[in-house]
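Subject: Structure handover

Hello,

Here is the structure I promised to pass on. Please open it first, then read my notes below.

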Amino acid sequence: MNGKFLSTENLPFCKGCGHHIVSQNLEKALSSIAGLSPLDVIVVTDIGCIGIIDKQFTTHTVHGLHGRSVALAAGIAMATEDPKKKVIALLGDGGATIGLQHLMEAAQRNINMTVIVHNNMLYGMTGGQPSGLTPRGFKTPIMPDGKPNIGYDLCKVLHATGAPSVRRLLALGDFTADLAAALAVPGFSFVEAMEICPSYGVKFNPNRKLDDIAKEAGIEIGHWQGPAREPYRPATHDAPASLFATEKPIAARHKAPLKERYAVVLSGSAGEGVQSAAEFLAQAALSCGLHATKKGSYPVTVGVGFSTAEILLSPKPLHFTGISVPDAVIATSADGLGKVRGLIEKMTQGTVYLDASLEAPATKATVVKHDFRAPLGGRSAVLVALTMLLDRAGIMPTDSFLDILKDSSLGKKIDFAKLRQKGG
Ligand code: SF4
């Protein structure tokens, strides 16, 4: 087949693999949808034999980590404004059980997508190991006497979540109509296509036919409908409109001269208030009508070592939270400097605020050295440095930061007269 949605009939699977049949039926089902173009379709795959089909699809394709295709597809579906776009996750039985929680969440929330699990009852790509869906008695290379326990009934699990449409079919012959019906569901639809892998399944279970295996294992073929529900849309459900929404809106009380994105990295020692200082700065930016993001980084042993925070400030919405080279870095301890030394060395401009006890790395940035730890101790060193940065950088009024700090429980304990240092 050389169709609209698959570019070739030479699919990359072993001879006789059921993935050929499912892919061809999917091609036909997509072609049967009037006016649907390949660019209206987003196919998401992950690791496993079915995942190597990406290149053959003429649609958008996204390839993810093993068992994560449903989570990726759910994110795409929730961000896709046009409900006519088809988001389809293709995965194997291994990926389905690895990502079972994602499947259940997508089904329960009724996210507008179709999931097709290619259940050949084993991990074909890695040598035929049994998966959670392998039925009792089915033989595999590492269980030559057959799997001793039953396989999960994925359809029953997903039906129990309230998914609108759950199907199980044998991937034999023409089942285009079943796939087209699944694709037409407004919301979450699930298809489990039962297959047998010629390379491992047939080899270890000779003379057993797919329908006999299903019958003997008590695997039902059918369609289970759940209650009709509106598909999940972030804007129409009680989820926050933005992942970065604050719990309490912060009223704009100040004006900021900032015209461009400004990136600050704070780095100190664990327990020295780096993360709180970063949050105060982000909140102060919001009080100036700016957009802000904050990311924290620290070792798993949160009470020792470095503590680093990245803050982005911008007059425009921030869609990317990464910082490759910052505009300013504050390092108030040896732990903190150790973490950001490489970043400082990459800076060709901007300013580094460094505690006087530390040796400056080689950098083209301006280095301001000051004893930030002296006025209020190590626990407030980042606050002292940040106040100096705001006084000098002119990105937003220092008072916006001080107001937020005064309103906090920490602010009640701080001697504000000592906080503001002139610096060199
Ligand atoms: S190993 Fe099995 S599942 Fe993988 S392509 Fe070959 S036949 Fe298909």
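**Confidence and overall form**

This is a predicted model. The protein chain has a mean pLDDT of 93, and 95% of its residues reach 70 or more. One stretch needs care: over residues 239–244 the pLDDT is below 50. Beyond near neighbours in sequence, that stretch has five contacts in the model. Where pLDDT is low, the predicted coordinates should not be read in detail.

The protein chain holds 13 helices and 13 strands. Its radius of gyration is 28 Å, while the globule rule gives 22 Å for 424 residues, so the chain is more spread out than a compact globule. Along the principal axes, the C-alpha atoms fill a box of roughly 85 × 45 × 40 Å.

Strands E4 (residues 113–119) and E6 (residues 188–194) pair in the parallel sense over seven bridges. Within that pair, His118 stands opposite Ala193 in E6.

**The six-strand sheet**

Another open sheet has six strands, in the order E9-E10-E8-E11-E12-E13. Pairing is mixed here. E9 (291–297) and E13 (366–370) are the edge strands, each pairing on one side only. The twist averages 15° from one strand to the next.

E11 (residues 328–331) pairs with E12 (residues 351–355) in the parallel sense, over four bridges. Val329 stands opposite Val352 in E12. Helix H10 (residues 334–346) lies across E8 (262–269), E10 (306–314), E11 and E12, at about 145° to E8. Helix H11 (residues 381–393) lies across E8, E11, E12 and E13, at about 155° to E11.

**Around the ligand**

Which residues surround the ligand? They are Phe13, Cys14, Cys17, His19, Cys49, Asn120, Gly124, Met125, Cys197, Pro198, Ser199 and Tyr200. Helix H7 (residues 198–204) gives the most to this shell, with three residues. By type, the shell has eight nonpolar residues, four polar and no charged.

Best wishes

Terms used:
Residues are numbered from 1 along each chain as its sequence is written. This is a predicted model: local features need pLDDT of at least 70, side-chain atom pairs count only at pLDDT 80 or more; totals for chains, interfaces and linings use all residues. Two strands pair if DSSP finds at least two bridges between them. Helices (H or I, at least four residues) and strands (E, at least two) are DSSP runs, numbered from the N terminus. Axes are lines fitted to C-alpha atoms, for helices over the stretch in contact, and angles run from 0 to 180 degrees between N-to-C directions. Two residues are in contact if their C-beta atoms, placed from the backbone, lie within 7 Å. A residue is near a molecule or strand if its C-beta atom, placed from the backbone, lies within 6 Å of it. Ala, Val, Leu, Ile, Met, Phe, Trp, Tyr, Cys and Pro count as nonpolar, Asp, Glu, Lys and Arg as charged, and the others, Gly among them, as polar. pLDDT is the predictor's confidence in each residue, from 0 to 100. The radius of gyration is taken over C-alpha atoms; the globule rule is 2.2 Å times the number of residues to the power 0.38.
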